[in-house]
Amino acid sequence: MNLLTVSGSPHVHGGNSTKKIMFGVIYAMIPALLVSVYFFGLGAIKVTLVAVLACVFFEWVIQKYLIKGPSTIHDGSAIVSGILLAFNVPSNLPIWIIIIGALVTIGVAKMSFGGVGKNPFNPALVGRVFLLLSFPVQMTSWPKPAVLFSGLADAVTGPTALGHLKEEIGRGRTVTDVMENGTKMIVDGQEVLYEIPQYMDLFLGNMGGSLGEMSAIALVLGGIYMLFRKIISWHIPVTYIGSVVVFTGILWAIDPEAYVNPAFHLITGGLMLGAIFMATDMVSSPMSNKGQLIFGLGCGVLTVIIRVWGAYPEGVSFAILIMNAFVPLINNGLKPKRFGEVVKNG
Amino acid sequence: MNDVIIYAVISLSLVGAAAAVVLYFIAQKFKVIEDPKIDEVEESLPAANCGGCGFPGCRGFAEALVKSANEKQSLDGFNCPVGGNDTMATAAGILGLVAEEKEPQIAVIRCSGSCENAPKKINYDGPATCAFAHSLSSGESGCPYGCLGCGDCVTACDFDAIYMDEETGLPIVKDNCVACGACVTACPRDIIELRNKGKKDRRIFVSCINQEKGGPAKKNCKVACIGCSKCFKVCPFDAITMNNNLAYIDYEKCKLCRKCVVECPTKAIHELNFPPRKEKKAPADKPAKPAPKPVAEKPAEKKEEPKAEKE
Amino acid sequence: MSVLKTFKIGGVHPPECKYSAGEAIKALELPKQVTIPIAQSLGAPSKAVVAKGDEVKVGQLIAKGEAFISSNIHSSVSGKVLKLDEVLDQSGYRRPCIIINVDGDEWDENIDRSTELKKDITATKEEIIKKIQEMGIVGLGGATFPSHVKLMVPDGKKAEVLVINGVECEPYLTADHRLMLEMADEMVIGIQILMKGLDVKRAIVGVENNKPDVIEHLNNRVKDYPGIEVCALKVQYPQGGEKQLIDAAIGRQVPSGKLPIEVGAVVNNVGTAFAVYEAVQKNKPLIDRVVTVTGKNLKETGNFMVRIGTSVNELIEKVGGLPEDTAKVVSGGPMMGKALNSTDVPVVKGTSGILTFEEGEAKRVETTNCIRCAKCITVCPMGLEPVLIAQYAGNELYENVEAERAMDCIECGSCSYTCPAGQPLLDYIRLGKYKVGEIIRNRSKK
């Protein structure tokens with residue numbers, strides 16, 4: 001006869017675990033990963049693999065030798081950070097830069113705060129921004145997509161649609177001009193006509209850019225999967241994307257030649273990736289639903305401000321990181337609705 | 001280029017000057033006049049901020065001392081357990097008074113319900129805090145008065161003076177205990193008591209607070225006080241009182257004669273730091289006599305070990 | 001079909017596991033000895049009125065509740081009082097109990113033991129309340145709040161509706177389910193008595209729609225009784241919580257720190273309604289109750305009518321004994337029940353079920369870092385932030401614990417149940433509540 005166990009209620013557990021959540025996120029990222037492999041070929045696989053392995057390795061090393069705690073790599077959070085980091089860099093990034101990015105992601109942004117669940121900022125975004133500031137050239141020369149194994153991948157580089165448009169508008173051209181006539185550019189001594197991809201290509205992911213931000217449709221698929229698994233709630237993605245659409249819509253309505261239409265903003269750059277995978281990161285987003293609405297709104301407005309008026313063509317990472325800093329404030333200020341607070345008699 | 005530098009220097013200087021003026025007026029407006037003696041007294045305190053004196057930190061204690069000195073011209077009732085008599089004498093000197101001498105104290109664990117003496121009857125599965133384990137049930141040993149072994153006292157100790165013995169599952173107080181009383185408050189079962197350190201660190205105490213009748217108490221723990229009153233009867237100094245089936249030794253009255261230690265049938269009375277006893281009594285008493293010693297001396301020996309490891 | 005009602009905030013769906021739902025209530029044979037704790041209800045403990053060696057009959061008063069919130073306790077058997085002693089009870093501590101050696105089955109002559117249904121309610125409002133108090137009726141849902149206190153509406157308040165709790169939202173338990181099927185007539189009359197005692201014209205029986213047989217059966221029965229309606233509710237835990245049930249059944253939310261009477265509602269369990277029927281119509285004190293014995297590793301499961309004070313051991317023996325691999329025995333349901341220190345403890349008025357867990361189930365999941373997923377906040381039926389309260393309590397910041405309204409917590413366990421990091425949230429919240437309770441008491445003393 002065993003000794004009876006005595007513990008406080010409840011005596012059953014729902015069976016959910018950090019591991020299940022993290023692997024749910026990984027499954028949700030698979031479509032986007034496949035799309036990037038399709039367009040960028042081996043480069044995408046290489047970057048992702050290196051980022052994931054480096055993240056897991058750094059987490060293991062730091063946990064074992066610095067924190068001296070039980071290993072946490074089995075919960076999959078390092079894998080998620082690794083894939084997200086890979087999603088945020090160009091597919092032709094040198095391996096050593098990726099490893100530095102992984103070290104910042106795991107070492108600085110995650111483990112220095114105490115590991116999984118303790119980081120105030122999204123680790124992958126911290127890593128990404130660090131690389132962007134440290135290696136601006138390598139981080140912004142995007143290979144042009146080419147269908148898998150066609151031999152073209154990694155060969156030709158060009159700007160992202162978003163960055164290109166912003167640059168040209170800055171030169172005084174109108175949106176219609178850039179969109180319809182393209183731009184003559186000098187690449188490797190040759191004159192090339194750069195054209196902004198068609199909307200359908202943008203939607204599917206056939207454009208230059210970071211690994212994971214390519215295909216809006218694949219990212220949305222992943223998002224729907226996570227919503228279905230109840231890993232994320234609709235609040236952040238919907239308010240984030242919604243506020244970007246509304247804000248850019250207002251600007252577009254004011255002057256369609258100076259500001260590009262909302263649909264373009266929606267499917268280019270890292271908006272989808274940010275709104276679905278980065279801003280919804282449980283650890284660094286607010287806890288109450290009300291807070292999540294504010295958080296999404298803030299991210300959206302900041303993203304547009306940076307995209308339209310800021311120095312960088314892409315504002316998603318900065319917007320999310322800035323809002324991450326506001327999370328404790330939001331958590332303190334916005335409490336969930338308590339039971340019995342609004343007494344409805346009748 | 002030069003213009004820029006000059007403008008910058010001038011404008012920053014102006015801002016600085018303006019800020020200085022503002023700060024000066026604010027500092028004047030919110031000036032707090034405080035007795036300088038408070039600072040002096042605080043300086044003489046150990047700065048451990050343990051709260052053992054009953055005040056919030058050393059500053060609070062210093063304030064209370066100065067206040068009492070000003071109002072009542074005495075420091076009676078105040079004691080800094082960490083600094084002891086020396087500190088109190090210094091503080092009293094600053095205030096021009098004399099502090100009363102206090103016997104130094106130490107925390108004493110009044111439970112011997114180790115895994116061996118009080119075997120596990122249930123498994124406790126939950127957060128490692130005694131306070132919760134206490135609210136949940138009588139504990140793994142089944143003794144509703146015994147140590148739960150989750151180490152709330154260890155967490156509470158600011159001086160690293162208490163640790164859990166892996167083998168027995170009971171906390172052990174090290175010699176550097178300053179009797180701040182944090183562990184006494186932390187223990188949900190009031191097992192820890194502050195007692196006088198005694199001459200040459202020699203102490204005798206009942207290592208049990210079980211108030212149950214002999215039967216149930218003994219059922220859960222071999223070394224429980226069963227309330228037999230034998231020690232009470234043998235004590236020549238009336239230092240032992242019997243209440244609710246439990247013996248208690250008054251440390252003020254106890255003269256450390258050790259008669260009760262021999263008498264206790266369950267070896268619930270512990271003696272600490274005594275030299276080995278001369279064996280001259282009747283053989284019947286022999287097994288009873290040496291037995292308490294290892295129990296008592298074990299902690300004393302172990303006290304030194306962790307220190308050596310750490311240093 | 002209209003949308004089923006339920007409460008508005010939070011909630012979880014634990015697997016139901018109602019194995020014993022098909023087992024009819026059987027009377028457990030008389031034990032050889034009963035151990036009756038003298039503190040069986042919320043409030044002050046009762047005072048024993050028998051002494052060692054006294055002969056007692058079934059239904060005889062053995063401990064009197066003297067305070068306002070306390071209840072009478074009656075002997076559940078006939079025989080001789082062996083002793084008054086402290087015995088290990090379900091709390092895990094030794095508490096004063098009356099131990100009676102059983103000798104025959106001689107009932108107090110005032111008790112009507114016939115099974116005939118007595119429909120006419122002759123007692124007046126005052127008589128009903130007095131009878132309920134005399135007969136030691138307490139809330140049988142688990143909280144064991146003395147029922148007569150609930151019927152005494154404080155001045156200035158008015159009861160408008162009686163809510164009868166037939167939800168049984170706890171997994172595994174089926175005691176109320178069987179009672180509603182088998183004793184529906186008695187229960188409905190009990191509800192009528194309670195309505196008369198409260199002076200209300202409307203009663204709602206809340207039943208979750210995982211018990212369609214009960215809903216149909218009750219709907220047939222209540223036809224003859226005006227004012228009683230059956231309300232089918234969407235399955236969601238913790239619907240059986242008093243405040244949640246009121247919210248679900250009549251759409252009113254009891255404000256923080258207030259009693260249900262604040263919104264004109266009084267909640268009673270179906271078991272209580274049945275006990276009230278027996279007390280008022282048959283003069284029978286609360287000396288037995290239905291207990292579910294269940295568990296995944298048990299050979300059989302069942303629902304038994306058990307005399308108060310019977311050892312849990314005998315119940316388990318009845319279903320084939322405790323299996324070797326049992327690692328935990330719980331009194332009550334898996335979400336809110338109490339893990340027992342030993343199976344040799346008495347069944348009391350608040351025992352709704354005995355539940356066994358095998359080794360694998362008994363062990364808690366491994367605790368890892370909180371990942372701030374806010375699942376506990378989403379499921380909390382009181383709209384609290386369990387993770388925050390637990391963290392404050394763990395760090396001994398009890399003022400913050402109080403400010404986060406920890407005292408509103410109903411200890412339903414949804415937070416710990418759902419936590420992916422396996423954190424013992426409720427344990428820490430309980431600790432915090434306990435300490436805050438102390439602080440509040442000290443404050444009111446000053």
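Predicted model: local features only at pLDDT ≥ 70, side-chain atom pairs only at ≥ 80, totals over all residues.
Residues are numbered from 1 along each chain as its sequence is written, and chains are lettered from A in the order in which they are written. Local features need pLDDT of at least 70, side-chain atom pairs count only at pLDDT 80 or more, and totals for chains, interfaces and linings use all residues, while side-chain values use heavy atoms, without hydrogens and water.

Let's start with chain C. Helices (H or I, at least four residues) and strands (E, at least two) are DSSP runs, numbered from the N terminus. Six strands form an open sheet with mixed pairing, in the order β1-β14-β13-β17-β15-β16; two strands pair if DSSP finds at least two bridges between them. β1 and β16 of chain C stand at the edges with a single partner strand each, so one side of each has no neighbour in the sheet. Strands β13 and β17 of chain C pair in the parallel sense over four bridges, and G295(C) has T356(C) as its bridge partner in β17(C).

| Strand | Residues |
|---|---|
| β13(C) | residues 288-295 |
| β17(C) | residues 353-358 |

Just after α6(C), G251(C) takes a positive phi of about 70 degrees.

In chain A, the axes of helices α10 and α13 come within 9 Å and cross at roughly 15 degrees. That makes α10(A) roughly parallel to α13(A) (angles under 35 degrees).

Technical notes. Axes fitted to C-alpha atoms, helices over the stretch in contact; angles between N-to-C directions. Parallel < 35°, antiparallel > 145°, perpendicular 65-115°, else oblique.
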